[in-house]
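Visitor: I would like to know what stands behind each label. Please set the values against the definitions.

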Amino acid sequence: MVMDTIGVGLISVGWMGRLHSRAYRALPDHFPELGLRPRLVVAADPVPGAREQATERLGYERAVADWHEVLADPEVDVVSICSPNFLHREMAVAAARAGKPFWIEKPMGRYASDSRDIHDAVQRAGVITSVGFNYRHAPAVERARELIRSGRLGRITNVRGSLLADYSSDPAAPLTWRFERDRAGSGVLGDLLSHGLDLAQYLVGRIASVTALAETVITERPRPGAGIVDRSAAATGDLQPVENEDYAALLFRFDGGAVGTMDSSRVMHGPHAEYTIEVYGTSGSIRWDFQRMNELQVCLDGQEAAGYTTVYVAPGDGEFARFQPGAGTAMGYDDLKTIEAAQFLASVRSGRQFAPSVADGLAAASIVEAAEASLADGAWHDVPRVDGPLTADAPTPTI
């Protein structure tokens, strides 16, 4: 098969930038029918070592310090934006104005206002976008969605989610940008709960109203030393206040009457990446845990044995067959990003929005915004509706 080349530009060569790059490189192998071969044209990063890595390890033809050069390059057809939160708005709005389709990590901005600006710029420019809600692409989640949307669980009554992590559990870890309100926005609300909220809406439907509580467990952290940007690095500086939340819990109501609860922490001792969602209906329920990504717990009325059955995903569930030949052989996290890359580039090629869009990103940010309003006054708050191509309510994409 003759494949068309599509030029890729990357902004920020951190862990997520490297992951995007691997996903682009893997795409022709796993999605050959797209007829696309990504060409890694240029990567931008202000750190010299990162630029060296982009060309020597990741395969970019060249690397630059200024991200504006990526958007100005006529050989760049699509852009990955993998920078810290506080840079997202400026970069994404500029990409839209330059007419460049872009794949951006979540949260799209520090606040819903940032995400709204990005969404509005995209609506004006008419470019295709993708937001990094990769957990919805797990084949077990796709099977769960099919069970829910087909009515197999009956009327959905309640949803329970939890996103527990330990990446900030060490109080001696430095106070990087993630703990600063002006550069990160919220803490776990935007960082982790936005994933869970997108999953809930992808599986069940729109979240209409919310109330919340939050707590900062580790209230001070040492100032990082010169050049320290990584959250796992040691720090010995003076203690400075943490400006956003370590833990948050939400109650919410869906359109249609179902209710939900969801909580998240970045300072748990024990869970590493325990991201779970449970959906309960009048005829059954499902449970999924990211740490057991290739399994789905299913309980349905009429099954032979009462209680949950463990279902191992297999060909026929989501995009599993593109990666493994049979149940029991596991897919991994990087595979989800390859699916994400395929949905993004299939959207660009067809002009149809298959990938999670900036409208989906704004929908999650709007729930976070309503939750933060609840933190201020303790009341329930309605979640504003979002215009634009919301893929959470669309049929499961077939690319």
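Visitor: What percentage of the 399 residues of the protein count as buried?

Guide: The figure is 56%. Buried means under 20% relative accessible area, exposed over 50%, and partly exposed in between, with a 1.4 Å probe and protein chains only. This is a predicted model, in which local features need pLDDT of at least 70, side-chain atom pairs count only at pLDDT 80 or more, and totals for chains, interfaces and linings use all residues. Residues are numbered from 1 along each chain as its sequence is written, and side-chain values use heavy atoms, with hydrogens and water left out.

Visitor: Why is the protein called as compact as a globular protein of that length?

Guide: First, the make-up: 10 helices and 17 strands. These are DSSP runs numbered from the N terminus (helices: H or I, at least four residues; strands: E, at least two). The radius of gyration is 21 Å, and the globule rule gives 21 Å for 399 residues, so the protein is as compact as a globular protein of that length. The radius is taken over C-alpha atoms, and the rule is 2.2 Å times the number of residues to the power 0.38. Along the principal axes, the C-alpha atoms fill a box of roughly 60 × 60 × 40 Å.

Visitor: How do you know what share of the contacts comes from residues 24 or more positions apart?

Guide: A contact means heavy atoms within 4.5 Å. Among contacts with a separation of 6 or more, residues 24 or more positions apart account for 73%.

Visitor: Why does Lys-337 count as buried?

Guide: Its relative accessibility is 0%, so Lys-337 counts as buried. Lys-337 lies in helix H9, residues 333-350. Beyond four places in sequence, Lys-337 touches residues including Met-16, His-20, Trp-103 and Glu-105.

Visitor: What makes the pair Lys-337 and Glu-340 a polar contact?

Guide: Their side chains meet at 3.2 Å. A polar contact is a pair of N or O atoms within 3.5 Å; within protein, one must be able to donate a hydrogen and the other to accept it, and residues adjacent in sequence count only if both atoms are side-chain atoms.

Visitor: Is Asn-158 buried, partly exposed or exposed, and why?

Guide: The relative accessible area of Asn-158 is 28%, so Asn-158 is partly exposed. Asn-158 sits in strand S7, residues 156-165. Gly-260 is 102 residues away in sequence, yet the C-alpha atoms are 5.3 Å apart. Leaving out residues up to four places away, Asn-158 touches Val-259, Glu-278, Val-279 and Tyr-280.

Visitor: Which labels do Ser-366 and Glu-369 get, and why?

Guide: Ser-366 has a relative accessible area of 2%, so Ser-366 is buried. Glu-369 has 31%, so Glu-369 is partly exposed. Beyond four places in sequence, Ser-366 contacts Arg-116, Val-383, Pro-384 and Val-386, while Glu-369 contacts Ala-112 and Arg-116.

Visitor: What makes Leu-153 buried?

Guide: Its relative accessible area is 0%, so Leu-153 is buried. Leu-153 lies in the loop between helix H6 (139-149) and S7. Beyond four places in sequence, Leu-153 touches residues including Leu-147, Val-279, Ile-286 and Leu-300. Ala-50, 103 residues away in sequence, lies 48 Å off, C-alpha to C-alpha.
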